[in-house]
Amino acid sequence: MAFPHRPDAPELPDFSMLKRLARDQLIYLLEQLPGKKDLFIEADLMSPLDRIANVSILKQHEVDKLYKVESKPALSSSEQLCFLVRPRIKNMRYIASLVNADKLAGRIRKYKVIFSPQKFYACEMVLEEEGIYGDVSCDEWAFSLLPLDMDLLSMELPEFFRDYFLEGDQRWINTVAQALHLLSTLYGPFPNCYGIGRCAKMSYELWRKLEEEEDSEAKGRRPEIGHIFLLDRDMDFVTALCSQVVYEGLVDDTFRIKCGSVDFGPEVTSCDKSLKVLLNAEDKVFSEIRNEHFSNVFGFLSQKARNLQAQYDRRRGMDIKQMKNFVSQELKGLKQEHRLLSLHIGACESIMKKKTKQDFQELIKTEHALLEGFNIRESTNYIEEHIDRQVSPIESLRLMCLLSITENGLIPKDYRSLKTQYMQSYGPEHLLTFSNLRRAGLLTEQAPGDALTAVESKVSKLVTDKAAGKITDAFSSLAKRSNFRAISKKLNLIPRVDGEYDLKVPRDMAYVFSGAYVPLSCRIIEQVLERRSWQGLEEVVRLLNCGEFAFTDMAKEDNKASSESLRLILVVFLGGCTFSEISALRFLGREKGYRFLFLTTAVTNSARLMEAMSEVRA
């Protein structure tokens, strides 16, 4: 059921060091305000902070009261105020209003602002404008790598996606470069680097610059991780827009996994209160089902429940000594497993209820038709019906984007009609969202007149010819085209299956989408690893509009890298990564004897992607 790792699989590096580093640095910053202090924390830093330093650690370092940075003013009586915030303008205004209120009241206190993960010049400008720059001391908590699991690191920067891929704001690239620099300092240099995408290239170049400047002692060290991939999210929007069907992905789509934990409501816990559950490899039940296709999970859990019952029943025929051993050694473990088992069974039931309500089968069928390019008219009708029934504004947007990207833009007539229906159904305030989706290349309109597509189809027949390459480049510069069909054919993303696809014994990465589609991002990684470069993939790179943004850097010191480290691969997703991609690469690793590690700016899914583009706050 749960795929065991091959006995020769390489050991994972120990990421707990990153937590210790972050905790020590935070304590050092807090100690710079000696004595009692109140700490104001921004809402979206609370969960990451909780994973690094809980309340008791903060209390040990004389943090008296904790406040949330929010719109209403907080009434703190402490002589020292410390603010732990993201570098955002609105936070600066909030701090300024507190400090200026104190000034008016003639109250003198000490103020310290700790920016995480870095401070931006714009923030200091605002403090200056508000006239409090001299009253506060500023510091940085360079905390940008949170270990969510043994093989998963998150930068917890969900805004990265919108800032970079919509606004073109490059300020987080420095944070990425610093994070990579820290990893190479702790775990040795990365002998082989591959990347694709504009953001990947910029992050890589800045990271290399940092390495050269420091001339770090990591250089002489043996590499622990043999390969690193840097991928931009806009290389592959399709995978992120699809409904997830592996267990962990479904839990994320249904309940929202936040910072590695999930809040299960009363409908799952079957008591009247919610429960916060940490989802990682330490949860023995979860680690066996997380990468499984949902159709297998129920059967596995019920088998597990029967085994557990059998273990409980063993105590019936025990004598006193055996009973004593059973109670002291096994009972606690069985109770813990029993609790987790009932939670995951509850989660499955809740998912099934929600999905039948949504008519999930029909939805998945439509997605598969879009991926394969069949029955486009029927799929468009399905989307229109979805909009008219007002199922959910986010879900309708997602399906429109999937239609647009797989079809290389919508025909003007369809674009106008869907947009009009959407506005009428969900309200005109969504107009700006459409403009955002268009700018990001998620929902576009084909160029007017069919002349272009006719010429293009003729050109694509000549694509092997170098001159034709130049002509298609001229077309692709008119608009960022997705070329999904052509890429899909080149990389064989839609597997041809004879008979039924067996989801119990998956044969390839397509199982994460019920056998209908291999995630493009994962296929690219597989192909580059096979070739050890982008050679032979030039056509794919061109179709991805990434000619000048694909790079390979093979170090001379490859001979220093042990064969074990060469089977350890770090994949960096810039703009977010889905649990489906993580499951697919874990599967690939098991098949080929690799172990994959993941670093992402944040864990994402289709709803988060659409919300990032939306101008209408839910």
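Q: Is phenylalanine 15 buried or exposed?
A: Let's start with a single side chain in this predicted model. Residues under 20% relative accessible area count as buried. Phenylalanine 15 has a relative accessible area of 6%, so this residue is buried.

Q: How are the rings of phenylalanine 15 and tyrosine 187 arranged?
A: Their centres are 5.7 Å apart, and their planes meet at 80°. Planes over 60 degrees apart count as edge-to-face. The pair is therefore edge-to-face.

Q: How many residues apart are phenylalanine 15 and tyrosine 187?
A: Phenylalanine 15 sits in the segment before helix H1 (16-31), while tyrosine 187 belongs to helix H7 (residues 173-187). The pair thus links distant parts of the chain, and the separation is 172 residues.

Q: Is tyrosine 187 buried or exposed?
A: The cut-off for buried is under 20% relative accessible area. Tyrosine 187 has 1% relative accessibility, so this residue counts as buried.

Q: Which helix holds both phenylalanine 160 and tyrosine 164, and how do their rings pair?
A: These two residues are four residues apart, about one turn of the helix, in helix H6 (residues 159-165).

Q: Which residue lies over the face of tryptophan 207?
A: Here a charged side chain meets a ring, at 4.7 Å from the ring centre. The residue over the face of tryptophan 207 is arginine 208.

Notes:
Residues numbered from 1 in each chain as written. Predicted model: local features only at pLDDT ≥ 70, side-chain atom pairs only at ≥ 80, totals over all residues. Heavy atoms only, no water. Phe/Tyr/Trp six-rings, centres within 6.5 Å; stacked < 30°, edge-to-face > 60°. Buried < 20%, exposed > 50% of the residue type's maximum accessible area, 1.4 Å probe, protein only. Lys NZ or Arg CZ within 6 Å of the ring centre and 35° of its normal.
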